[in-house]
Amino acid sequence: MSDRPYTLLSCSVSLDGYLGDQTPRLALSNEADFDRVDEVRASCDAIMVGAVTVRTDDPRLLVRSQARRDRRTARGLAPSPMKITVTNRVDLDARSNFFTTGEAEKLVYTSSPRVADARARLEPVATVVDGGRRVRMRWLSEDLADRGVERLMVEGGGVVHTQFLADDLVDELQLVVAPFFVGDSSAPRFVTDGRFPWNAGRRAKLSEVRQIGDVVLLRYGLSPRFRED
Ligand SMILES: NC(=O)c1ccc[n+]([C@@H]2O[C@H](COP(=O)([O-])OP(=O)(O)OC[C@H]3O[C@@H](n4cnc5c(N)ncnc54)[C@H](OP(=O)(O)O)[C@@H]3O)[C@@H](O)[C@H]2O)c1
């Protein structure tokens with residue numbers, strides 16, 4: 001088994017590179033693309049988002065289509081993938097959709113000093129994992145592999161994207177560009193500052209460009225493990 005899951009980072013951005021505005025769950029994508037994302041979700045063992053996304057968007061992170069849920073169940077899987085988040089503040093509400101929806105396990109990674117607080121707040125709705133002095137995404141990825149996660153979908157936000165990309169942990173990037181601007185520099189961006197493995201001297205491999213109604217999907221293979229299918 002590989003030391004870390006095949007990792008697919010999926011998100012949608014505005015024309016000016018923002019993940020949203022100050023409105024929770026701003027719809028950057030369209031219905032056809034949400035359905036495509038649903039198919040990708042159904043193909044994964046786990047979905048990960050950062051704690052700010054859990055707090056501000058209150059996402060369910062479930063497979064929406066009944067047919068896809070049924071296909072997963074027929075394969076002996078939970079109807080929707082496992083959910084993963086990471087936090088240091090541990091300001092997470094056990095009643096939020098992240099924790100109350102879906103049958104599969106929910107994992108919360110936090111640093112050692114925060115574990116007791118996290119367990120007091122979130123058990124039994126989630127399993128709290130001690131990530132050591134500081135949670136590093138490489139260690140987290142390896143821990144997920146040890147728990148049987150072979151395919152991981154990272155769904156935001158920018159702080160989480162930055163760590164996965166800068167640490168060269170992403171095999172595939174699926175970036176959807178919405179046809180409008182946010183125009184607010186205080187809004188969350190696709191990534192924050194970082195030293196990324198792809199730059200002017202090392203360009204990422206663009207593998208597909210697909211128009212989906214009024215948005216465009218850009219697929220990049222970011223590692224030799226990238227699978228076109
Ligand atoms: N367009 C899209 O596809 C899309 C997808 C997802 C989200 N979004 C948007 O993105 C925005 C949120 O993005 P964001 O960049 O502000 O935040 P984020 O990446 O969702 O979450 C960041 C938070 O995660 C926790 N965290 C991250 N790395 C950590 C580490 N190594 N150790 C411990 N905790 C860690 C911290 O939580 P604590 O603060 O709890 O310590 C940190 O503040 C929201 O507005 C949401 O709507 C858009």
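A: Strands β8 (residues 205-212) and β9 run antiparallel and are joined by seven bridges. Strands here are DSSP runs of E with at least two residues, helices are runs of H or I with at least four, and both are numbered from the N terminus; two strands pair if DSSP finds at least two bridges between them. Within this pairing, R210 has L217 in β9 as its bridge partner. The two strands form a hairpin with two residues between them, and G213 in the turn has a positive phi of about 60°.

This is a predicted model, in which local features need pLDDT of at least 70 and side-chain atom pairs pLDDT 80 or more, while totals for chains, interfaces and linings use all residues. Residues are numbered from 1 along each chain as its sequence is written, and side-chain values use heavy atoms, without hydrogens and water.

β9 also pairs with strand β7 (residues 172-177), in the antiparallel sense, over six bridges. There, E172 stands opposite G221 in β9. Six of the seven residues of β9 (residues 215-221) are buried, so the strand is largely enclosed by the rest of the structure; buried means under 20% relative accessible area (1.4 Å probe, protein chains only).

Now the ligand. A polar contact is a pair of N or O atoms within 3.5 Å. A polar backbone atom of S12 is 2.8 Å from a nitrogen atom of the ligand, and a backbone N or O atom of R89 lies 2.7 Å from a ligand oxygen atom. The largest share of the shell around the ligand comes from α2, with six residues.

Notes
Polar contact = N/O pair within 3.5 Å; in protein donor to acceptor, adjacent residues only side chain to side chain. Buried < 20%, exposed > 50% of the residue type's maximum accessible area, 1.4 Å probe, protein only.
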